[in-house]
Amino acid sequence: MLLNNNVTEFILLGLTQEPVKRKLKFFLLFYLGTLLGNLLIIFTIKTSWALGSPMYYLSLSDTCFSTSIAPRDALLKNSTISFSECMIQVFSFHFFGCLEFILILMAVDSYLAICKPLHYMSLMSWRVCSVLEAIAWVGACVHSSVQIFLTLSLPFCGHNVIDHYFCDLQPLLKLACTDTYVISLLLVSNSGAICTVSFVILMFSYIVILYSLRNHSAEGRKKALCTCISHIIVVVLFFGPCIFIYTRPATTFPTDKMIAVFYTIGTLLINPLIYTLRNAEVKNAMRKLWSKKLISDDQR
């Protein structure tokens with residue numbers, strides 16, 4: 001398939017046409033915040049066996065996801081990307097993005113913890129969590145492989161300027177030297193369906209959780225309600241833009257790049273704050289780690 005393409009590299013226009021220094025500060029601030037927050041969570045969970053693995057995989061996938069789509073023109077000062085690098089970015093972007101399926105696992109975990117506390121340990125055993133996580137990884141691999149197959153089936157023979165800050169199938173469809181109607185339908189049926197179904201499942205699970213809170217105490221309702229609302233905000237910020245981008249035909253709008261910022265930069269930045277740093281178990285584990293560090297420093 002690569003032999004049919006005359007294009008060996010693409011030029012990414014980036015998010016805006018602002019000076020490089022201004023973009024560099026903006027993206028470095030958000031990227032480093034995402035990176036440090038998730039690495040802190042990963043380190044905490046790895047050193048505390050009491051914490052569950054879904055949060056670990058969410059932080060790991062967010063770290064890889066943000067790194068895979070880091071704007072080259074701002075961070076590397078190079079807007080050119082080779083064809084092979086572009087294909088790798090398409091694969092990694094959809095692979096780690098699809099790992100957000102773990103949000104569904106975390107919603108199920110929250111439901112069982114709130115609604116079935118007496119049966120939580122038996123229902124969410126280590127084996128069950130491992131199977132669900134394996135399904136998420138396999139599903140992400142299958143999804144991203146489909147994206148690569150669709151991308152490699154496109155012939156590129158002239159225009160190579162991508163009006164975006166990372167490689168994705170939607171902007172690449174505009175550069176193809178062929179009719180992309182069928183491929184755009186496959187894109188909607190694949191990425192669009194995954195985003196929509198995941199969003200519906202997550203929203204339904206949180207509605208069930210909120211409905212079940214009527215039988216809890218006022219303090220318990222307040223705590224669970226605060227947690228659920230913050231989770232719903234993250235779900236809407238991530239899946240809302242994804243549904244807008246991937247559930248329509250192969251047409252692009254000037255606002256697409258700014259909308260993409262919400263689920264590629266904004267959501268990844270607040271995920272550690274909402275899903276982990278607001279978790280009492282994670283905060284307690286961090287305090288213990290910090291206390292151990294202070295004690296070890298004093299002993300020296």
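**Helix contacts, core and aromatic pairs in a predicted model**

Leaving aside residues up to four places away in sequence, threonine 34 touches Asp62, Ser66, Ile265, Leu268 and Leu269, where contact denotes heavy atoms within 4.5 Å. Threonine 34 belongs to helix α1 (residues 20–46); helices (H or I, at least four residues) and strands (E, at least two) are DSSP runs numbered from the N terminus. With a relative accessible area of 2%, threonine 34 is buried; buried means under 20% relative accessible area, exposed over 50% and partly exposed in between (1.4 Å probe, protein chains only).

The model is predicted, so that local features need pLDDT of at least 70 and side-chain atom pairs count only at pLDDT 80 or more, whereas totals for chains, interfaces and linings use all residues. Residues are numbered from 1 along each chain as its sequence is written, and side-chain values use heavy atoms, with hydrogens and water left out.

The secondary structure of the protein chain consists of 12 helices and three strands. Of its 300 residues, 45% are buried. Among contacts with a separation of 6 or more, 78% involve residues 24 or more positions apart. The chain exposes about 15,600 Å², of which carbon and sulfur atoms supply 69%; accessible areas were computed by the Shrake-Rupley method with a 1.4 Å probe, and for residues only the protein chains shown count as cover.

The largest nonpolar core contains 58 residues, of which Phe10, Phe156 and Leu172 touch the most other members. Such a core is a set of buried Ala, Val, Leu, Ile, Met, Phe, Trp, Tyr and Cys residues joined through side-chain atoms within 4.5 Å. Beyond its neighbours within four places in sequence, leucine 172 contacts Phe10, Cys86, Met87, Val90, Thr151, Leu154, Phe156 and Ile162.

The whole structure holds 10 aromatic pairs. In phenylalanine 65 and phenylalanine 93, the ring centres are 5.3 Å apart and the planes lie at 25°, so the pair is stacked. Phenylalanine 65 is in helix α2 (residues 53–68) and phenylalanine 93 in helix α4 (residues 83–98), so the pair ties together parts that are 28 residues apart in sequence. Rings of Phe, Tyr and Trp (its six-membered ring) pair if their centres lie within 6.5 Å, with planes under 30 degrees apart counted as stacked, over 60 as edge-to-face and the rest as tilted. Both phenylalanine 65 and phenylalanine 93 are buried, and together with Tyr165 and Phe166 they form one aromatic cluster.

Serine 68 is also located in helix α2 and is buried, with a relative accessible area of 14%. Not counting residues up to four places away in sequence, serine 68 touches Gln89, Ser92 and Phe93. The C-alpha atoms of serine 68 and valine 90 are 8.9 Å apart, at a sequence separation of 22 residues.

Isoleucine 274, in helix α11 (residues 256–276), counts as buried at 14% relative accessibility. Residues up to four places away excluded, isoleucine 274 touches Ser230, His231 and Val234. A C-alpha distance of 9.3 Å separates isoleucine 274 from isoleucine 233, 41 residues apart along the chain.

Leucine 132 lies in helix α7 (residues 126–152) and is partly exposed, with a relative accessible area of 33%.
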